Amino acid sequence: MNLSATMLGLATIASLIVSSAASAIFTRRIMFYACQAMFDAAVKTTLVYFASGAALILAFAAASYAINCALSLYPQSHMLMFEVYFISLSLLWLSLAPLYAMRKYAMVAAIFVAGVAINNALMLAGGQPVESVKAYGLYAASAMAAICLAAYLYLKRGAKGRAKLPMLSSIIKPGLPYAALSLAYFLLLFVDRLIVWLSLIHI
């Protein structure tokens, strides 16, 4: 079994599953405010979205690392690779979801092209492992997506009045069914691969 490929695959699947929950809950609310031209509320919801999503991602990363340390499922070097790629990919999906929902396809495409360009530039410069170079490109793309989203919403907000957000529970509860649906979708999509990979673990 190629452990490096396995860890990258697991990181990709885990990032889609974890980030989809936060995206499903908050993106719909951000879209609602943006379509109603309530851009101040959209900005504030976006900040809550990034904070909540980052907390969820870091909590999962810490829990998965602790479980691996307790059960010795994978070597530490490969587990660190999983953590690096899981966090970078999760942040990328988290940052791109609102832009994609708002149909900013050109912006999303430009971010992907910039991420690939950064990867290629770093690989041509040499001196870095391929795995590290790919992770740098993912983190850079995540940062660019977050900056583009924030800049778009702040520019749209202009000088309009300030909005007061409802309680966090009022934002999260309506989105829970969509989060559950997203989780179920990705779990069903990848369950065959998860079964194969997990069956190869010798505890």
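**Helices and rings in a predicted model**

Colleague: Is helix 1 largely enclosed or largely open, and how many of its residues are buried?
Modeller: Happy to start there, bearing in mind that this is a predicted model. Helix 1 is largely enclosed by the rest of the structure, because the buried residues among its 33 number 24.

Colleague: How far apart are the end C-alpha atoms of helix 1, and what span should its residues give?
Modeller: Helix 1 covers residues 3-35, and at 1.5 Å a residue it should span 48 Å. The distance between its end C-alpha atoms agrees with that, at 45 Å.

Colleague: Where does helix 1 bend, and what follows the helix?
Modeller: The bend is about 35 degrees and sits at S23. After helix 1 comes a residue with a positive phi, near 60 degrees: A37.

Colleague: Which kind of aromatic pair do Y49 and F50 form?
Modeller: Good one! The structure holds six aromatic pairs. In the pair of Y49 and F50, the centres are 5.3 Å apart and the planes make an angle of 35 degrees. Planes under 30 degrees apart would count as stacked and those over 60 as edge-to-face, so this pair is tilted.

Colleague: Are Y49 and F50 buried or exposed, and which cluster holds them?
Modeller: Buried means under 20% relative accessible area. Y49 has 0% and F50 has 19%, so Y49 is buried and F50 is buried too. Ring pairs link them into a cluster of F26, Y49 and F50.

Colleague: Why is helix 3 described as roughly antiparallel to helix 4, and which hand does the crossing have?
Modeller: The axes of helix 3 (residues 76-101) and helix 4 (residues 105-125) come within 9 Å and cross at roughly 155 degrees. Angles over 145 count as roughly antiparallel, which makes the two helices roughly antiparallel. The crossing of helix 3 past helix 4 is right-handed.

Note on methods
Residues numbered from 1 in each chain as written. Predicted model: local features only at pLDDT ≥ 70, side-chain atom pairs only at ≥ 80, totals over all residues. Heavy atoms only, no water. Helix = DSSP H or I, 4+ residues; strand = E, 2+ residues; numbered from the N terminus. Expected span 1.5 Å × (residues − 1). Bend = angle between axes of the 7 residues up to and from the residue. Buried < 20%, exposed > 50% of the residue type's maximum accessible area, 1.4 Å probe, protein only. Phe/Tyr/Trp six-rings, centres within 6.5 Å; stacked < 30°, edge-to-face > 60°. Axes fitted to C-alpha atoms, helices over the stretch in contact; angles between N-to-C directions. Parallel < 35°, antiparallel > 145°, perpendicular 65-115°, else oblique. Left-handed = near helix turned anticlockwise from the far one by under 90°.
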